[in-house]
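Open the model in your viewer and keep the selection panel handy.

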2 protein chains.
Amino acid sequence: MSMDLGSEGGKNKGHRDRETGTLGKLVSLLDLVALADGPMRFTDILSLSDQPRGTLHRQLSHLVEEGLLEVDRDGRYLIGLRLLTLASRSWARNEFRAVAEPHLHRLQEVTGETVHLGVLRGTEVIYLDKVEGRQSVRMYSQVGNASPAYCTGVGKAALSALDDAELDARISRLEYHPYTEHTLRDISELLSDVSEIRARGYAFDLEEHESGICCVAAPIRSDDGHMLAGISVTGPAYRVTLEKLRAWAPLVVAAADSIMTDMRNRMGPKR
Amino acid sequence: MSMDLGSEGGKNKGHRDRETGTLGKLVSLLDLVALADGPMRFTDILSLSDQPRGTLHRQLSHLVEEGLLEVDRDGRYLIGLRLLTLASRSWARNEFRAVAEPHLHRLQEVTGETVHLGVLRGTEVIYLDKVEGRQSVRMYSQVGNASPAYCTGVGKAALSALDDAELDARISRLEYHPYTEHTLRDISELLSDVSEIRARGYAFDLEEHESGICCVAAPIRSDDGHMLAGISVTGPAYRVTLEKLRAWAPLVVAAADSIMTDMRNRMGPKR
DNA sequence: ATCGAAAGTTCCATTATTCGGAACATAATT
DNA sequence: AATTATGTTCCGAATAATGGAACTTTCGAT
């Protein structure tokens, strides 16, 4: 297996027009339904997609036929369980995740706080795993979750491992949404944070994405620099002070390094 | 939201020929790759799918373009993270799962063993959630997992809630794979087990799917009988004796009933 | 290193599928 | 009951997928 989970594919997702091919249009629909807060009626979808009614109807039918969407008894559409099954199989067999897992657990035990593993995809971080302790709120949902890289610890750590050209290419067209009052506000703030991160080897997220939530994160990169990822220790600000984060930083960096080493060994020295 | 997670759509999955339409063929490919043990080379896929090379190549390219598949640095294909993201969103927002969650936790705390929530899809059970205690092995992977209904507690419990005609329609063409020496061997064994389950209101799985693993399960059905699901308490045979399972049965049934009640209330008396 | 074979990629005329407007059906609302 | 909003089906036109063959690259053995 390979460590590569893809560094490409970071197309702008929000609302790219001109979907390419049949599949593109169908996947857009999936996205649309998945992004909604709940089941959608035919008309809801119709107004959000710019398809003619007949076309949309057939597209939805096909998606339902394949189990990618489901129709509830009120005729509303929701994401089908088939996707969950597909995703869970690939998750379970993901080698990178498997290699990282014991390290995440160790880190969780030592710090007592929640530990995340995420990979960088374009300008987003997708969380691959999460290990939480007793006292934390259950947030299963984090696995698979995509968040902007610029306001998360794992994301900024991963970004810091890019060379300047790549970094610039990815973050120059970003929209810097102010999630909290501490969220980085523009590219210059991000760049200066990244240079600090590079200097010290790890990143902080001080309530930048979610109020009251802080973390320390360290980058993980594959040998060929093709895949970027990161791990973090996260907790509530009232419990997790900056001093604590500083104290944990070396542990996080060490864990990240161990994961890289394990990955190298597992894959053999080839290439 | 609706409780309906679909009772239709139980197409025979294994290797249905004659894929309908463009999407059908592409989803088959996704399945093929997801089912594999690891990343697949182009040729591996070529030999398993019966597509000409040019066609297959283009299909794979499209899937990669949409992020449903990814290519590792060795050119091998694996399931893309996009599926994980899509699936996790729908999971997080699944109302049935959300309603059941507190009940699962309560059941876990009382019994100390692992609790599962699964829905019946055709002749398979898909696990929607899992709550485990301290001492159990971490098996995240269970969520999203699909298993045959006839050899799992949740599955048999759900089957027992079908009327005879529906039950027969689903299980008559099954292949009864003997996972363990205790696995039900044919339709007659299943039918007699189901009638016992109906009589007592809950199901056992005594090492029928996995050696050394037992459980008690109770059925959950929506008002309209359209959706079938179940919950179970599962543990290793050396710790979880038949007496214990019997003792837990009323708790499991009560939890299942509570979930049904909550669901009814949440959805309002409409329809 | 060199050759041969296997693997992977591109091309394009043909074929099958999707598109989308409009007519048709059904459910909700006044 | 009439009216509107919503959902479904149809079919000629437009578009995308097909698949055979030619082409390029990678791999394995000598």
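Before you start, keep in mind that this is a predicted model.

**Stop 1: DNA strand C**

Select DNA strand C and show the residues around it: there are 16, and the closest are A:Thr55, A:Arg58, B:Thr43, B:Arg53 and B:His57. Of the atoms of DNA strand C that come within 4 Å of the protein, 69% belong to sugar and phosphate.

Now display side chains and look at some polar contacts. Start with B:His57, where a polar side-chain atom lies 2.9 Å from a phosphate oxygen of DNA strand C. Move to B:Thr22, whose side chain has an N or O atom 3.3 Å from a sugar or linking oxygen of DNA strand C. Then pick A:Gln59: here an N or O atom of the side chain is 3.4 Å from a phosphate oxygen of DNA strand C.

Color by helix next. Which element gives the largest share of the surface near DNA strand C? That is H3(A), with 5 residues. At least two residues each come from helix H1 (21-35) and helix H3 (53-65) of chain A, and from helix H2 (42-48) and helix H3 (53-65) of chain B. By class, this surface near DNA strand C holds 10 polar, 4 charged and 2 nonpolar residues.

**Stop 2: two helices of chain A**

Stay in chain A and select H1(A) and H3(A). Their axes come within 10 Å and cross at roughly 80°, so H1(A) is roughly perpendicular to H3(A). Show side chains where the helices touch: A:Lys25, A:Leu26, A:Leu29 and A:Leu30 of H1(A) meet A:Leu56, A:Gln59, A:Leu60 and A:Leu63 of H3(A). The residues of this contact comprise 6 nonpolar, 1 polar and 1 charged.

**Stop 3: DNA strand D**

Switch to DNA strand D, which has 17 residues around it. The closest are A:Thr43, A:Arg53, A:His57, B:Thr55 and B:Arg58. Sugar and phosphate make up 64% of the atoms of DNA strand D that come within 4 Å of the protein.

Zoom in on B:Thr55 to find a contact to a base: an N or O atom of its side chain is 3.1 Å from a base nitrogen of DNA strand D.

Two or more residues of the surface near DNA strand D come from each of H2 and H3 of chain A and H1 and H3 of chain B. H3(B) has the largest share, 6 residues. The classes here are 2 nonpolar, 10 polar and 5 charged.

**Stop 4: the sheet in chain B**

Finally, show chain B as a cartoon and find the open sheet of 6 strands, ordered E5-E4-E3-E8-E7-E6 with antiparallel pairing. Its edge strands, E5 (146-148) and E6 (203-206), each pair on one side only. From one strand to the next, the twist averages 30°.

Select E3 (114-121) and E8 (228-236) of chain B, an antiparallel pair with 6 bridges. B:His116 stands opposite B:Ser232 in E8(B).

Last, select helix H6 (153-160) of chain B, lying across E3, E4, E6, E7 and E8 of chain B and running at about 30° to E7(B).

How values were computed:
Residues are numbered from 1 along each chain as its sequence is written. Chains are lettered from A and ligands numbered from 1 in the order in which they are written. This is a predicted model: local features need pLDDT of at least 70, side-chain atom pairs count only at pLDDT 80 or more; totals for chains, interfaces and linings use all residues. Side-chain values use heavy atoms; hydrogens and water are left out. A residue is near a molecule or strand if one of its heavy atoms lies within 4 Å of it. A polar contact is a pair of N or O atoms within 3.5 Å; within protein, one must be able to donate a hydrogen and the other to accept it, and residues adjacent in sequence count only if both atoms are side-chain atoms. Helices (H or I, at least four residues) and strands (E, at least two) are DSSP runs, numbered from the N terminus. Ala, Val, Leu, Ile, Met, Phe, Trp, Tyr, Cys and Pro count as nonpolar, Asp, Glu, Lys and Arg as charged, and the others, Gly among them, as polar. Axes are lines fitted to C-alpha atoms, for helices over the stretch in contact, and angles run from 0 to 180 degrees between N-to-C directions. Angles under 35 degrees count as roughly parallel, over 145 as roughly antiparallel, 65 to 115 as roughly perpendicular and the rest as oblique. Contact means heavy atoms within 4.5 Å. Two strands pair if DSSP finds at least two bridges between them.
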